[in-house]
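Dear colleague,

Please find the structure below, handed over for your files. My notes on what was found in it follow directly after.

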Amino acid sequence: MVDPATFRDVMAQWPSGVTIVTTLDADGVRKGMTASSFSSVSLTPPLVSVCLLKSLYTHKLISDSGVFGVNVLAKDQQEVARRFAGMVPGLEDRFEGEEWTIAETGVSLLDSALGWVDCRVVHEYEGGDHTIFVGEVVAANNARRSAPLLFHSRGWGQFADVLPDVAGVADTGLVQVMRDSGLEAELPDAVRMVTDAGVRLRVAELQHGDDADAVLASVPWPADRSLTTVLVGDRLQAQKALEQGVGAVELVADCLDPASVTKVLACVDGIADKAAVALTDPFAPERHEAVLEAVERLCAAGVREICLPDTDGAATALAVRDLLQEVVPLARPASLRIRLDGADRLALVKGLTALKSGVRDFDTALGGLQHSVSVEDLIRLLGTLDVASPVDPEALSSLAERLSTIQTTARAALAARNTVGAAG
């Protein structure tokens with residue numbers, strides 16, 4: 001007979017998914033543990049199995065209650081797996097901090113899991129020091145699309161990431177560049193064409209102390225104002241922008257300055273579901289922990305969107321991946337956006353990295369104005385990856401062609417102004 005150590009080493013080479021198995025004790029209190037011995041058994045009737053060590057407390061609970069749930073974990077749920085594996089010292093309630101659903105049997109089912117099945121035990125089979133529980137699936141839910149969390153060689157890992165079905169695009173630079181270049185007369189057509197193409201558009205940038213009424217009165221609003229945003233500097237400006245029907249107000253917070261984050265939180269109090277907050281220079285290594293803390297505070301306040309700009313294209317693709325792997329699960333359910341630098345030759349590589357890390361929305365600029373990656377390039381990337389977008393590619397191509405003269409004029413005007421300024 002093979003010795004147990006060798007057997008364990010061999011079986012450790014077999015990768016499996018990671019689940020949370022939940023059940024109830026005699027008093028109806030929810031209980032759960034991390035497990036990998038889970039399998040589909042039958043389609044008709046729908047049956048699954050879990051295989052548990054007989055000495056486990058959860059084994060006795062399932063045998064006594066006759067019910068269990070299996071929650072399939074995603075790649076970003078290692079912390080949940082650790083918690084239910086008893087690897088977090090001093091933790092009193094493994095279920096705290098997550099959202100749970102009750103379906104048919106009364107067991108708790110994890111809302112953020114890739115999917116779950118709710119089961120009644122129909123068979124128990126002896127399996128050496130384990131028992132094989134076969135459960136009839138009485139309810140199931142396929143919650144979200146992502147890569148699964150895997151267990152292999154006594155460690156947790158993941159497959160190559162799954163790309164999203166859909167990604168969103170916003171233009172944050174065109175309007176301000178055209179205003180700065182004295183091209184206000186061309187703005188109405190530009191705004192209409194951008195929003196008609198399905199691109200969300202920042203239509204104004206307000207600094208603290210600016211006359212919001214005057215600036216907003218000069219905006220050539222499109223028919224669908226929900227596709228517009230306004231960058232604001234204070235609460236009064238935010239309220240005035242929202243009164244105009246904008247889809248979101250944008251603010252900026254310095255995550256290294258707790259007072260800056262506190263100020264933004266005060267500004268969005270009561271309107272957080274319409275607020276998008278950008279964190280300054282988030283990929284700088286020294287800001288890592290401050291970014292995570294700021295994201296937690298913003299999400300706790302119910303902020304709708306959080307933007308992470310790659311300032312000056314300074315981040316490496318590895319730095320983008322490492323930060324996003326931590327921020328994406330923290331940010332949920334807020335939408336996480338990323339802005340890439342148009343002058344960075346690796347911008348689209350980082351865009352792919354962001355997509356594979358769970359980012360679904362991007363801040364861009366038509367033609368790459370204002371140092372952002374261009375809308376056209378990003379849409380082209382999404383198309384090659386088979387990732388859908390609300391943006392109409394044909395309309396965007398037509399738009400890029402029709403606005404090419406305006407872009408050239410804008411750049412020339414900016415260059416002329418810079419030359420005059422330098423000469424002065």
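In these notes, helices are DSSP runs of H or I with at least four residues, strands are DSSP runs of E with at least two, and both are numbered from the N terminus. The model is a predicted one, in which local features need pLDDT of at least 70 and side-chain atom pairs count only at pLDDT 80 or more, while totals for chains, interfaces and linings use all residues. Residues are numbered from 1 along each chain as its sequence is written, and side-chain values use heavy atoms, with hydrogens and water left out.

**Overall composition**

The protein chain contains 14 helices and 20 strands. Of its 424 residues, 46% are buried, where buried means under 20% relative accessible area, exposed means over 50%, and partly exposed lies in between, for a 1.4 Å probe and protein chains only. Contact means heavy atoms within 4.5 Å. Among the contacts in the protein chain with a separation of 6 or more, 68% are between residues 24 or more positions apart.

Ala-190 lies in helix α5 (residues 187-196). Its relative accessible area is 1%, so Ala-190 is buried. Between Ala-190 and Leu-174 there are 8.6 Å in space, C-alpha to C-alpha, and the two are 16 residues apart in sequence.

Gln-237 belongs to helix α7 (residues 235-243). With a relative accessible area of 2%, Gln-237 is buried as well. When residues up to four places away in sequence are not counted, Gln-237 touches Leu-206, Gln-207, His-208, Gly-209, Asp-210, Ala-212 and Val-232.

Axes are lines fitted to C-alpha atoms, for helices over the stretch in contact, and angles run from 0 to 180 degrees between N-to-C directions. Angles under 35 degrees count as roughly parallel, over 145 as roughly antiparallel, 65 to 115 as roughly perpendicular, and the rest as oblique. A crossing is right-handed if the near helix is turned clockwise from the far one by less than a right angle, and left-handed if anticlockwise. For residue classes, Ala, Val, Leu, Ile, Met, Phe, Trp, Tyr, Cys and Pro count as nonpolar, Asp, Glu, Lys and Arg as charged, and the others, Gly among them, as polar.

Helix α9 (residues 288-300) packs on α10 at an angle of about 15°, and their axes are 9 Å apart. The angle makes α9 roughly parallel to α10. In this contact, His-288, Val-291, Leu-292, Val-295, Glu-296 and Cys-299 of α9 meet Leu-323, Glu-326, Val-327, Leu-330 and Ala-331 of α10. Eight of these residues are nonpolar, one is polar and two are charged. The crossing of α9 past α10 is right-handed.

Helix α10 (residues 317-331) in turn packs on α11 at about 20°, with the axes 9 Å apart. This pair, α10 and α11, is therefore roughly parallel. Ala-317, Val-320, Arg-321 and Leu-324 in α10 meet Val-349, Lys-350, Thr-353 and Ala-354 in α11. By class, the contact has five nonpolar, one polar and two charged residues. α10 passes α11 in a right-handed crossing.

Helix α11 (residues 347-356) and helix α12 (residues 375-384) pack at about 50°, their axes being 11 Å apart. The two helices α11 and α12 are therefore oblique to each other. On the α11 side, Leu-348, Gly-351, Leu-352 and Leu-355 meet Asp-377, Leu-378, Leu-381 and Leu-382 of α12. The contact of α11 with α12 has six nonpolar residues, one polar and one charged. Here too, the crossing of α11 past α12 is right-handed.

Within α12, the buried residues are Val-375, Glu-376, Leu-378, Ile-379, Leu-381 and Leu-382. After α12 comes Asp-386, which has a positive phi near 65°.

**Aromatic pairs**

Rings of Phe, Tyr and Trp (its six-membered ring) pair if their centres lie within 6.5 Å; planes under 30 degrees apart count as stacked, over 60 as edge-to-face and the rest as tilted. The structure holds three such aromatic pairs. In one of them, the ring centres of Phe-84 and Phe-95 are 5.0 Å apart and the planes stand at 85°, so the pair is edge-to-face. Phe-84 sits in helix α3 (residues 78-84) and Phe-95, eleven residues apart from it, in the loop between α3 and β7 (100-102). Phe-84 counts as buried at 1% relative accessibility, and Phe-95 is buried at a relative accessible area of 4%. Ring pairs join Phe-84, Phe-95 and Trp-100 into a cluster.

With kind regards
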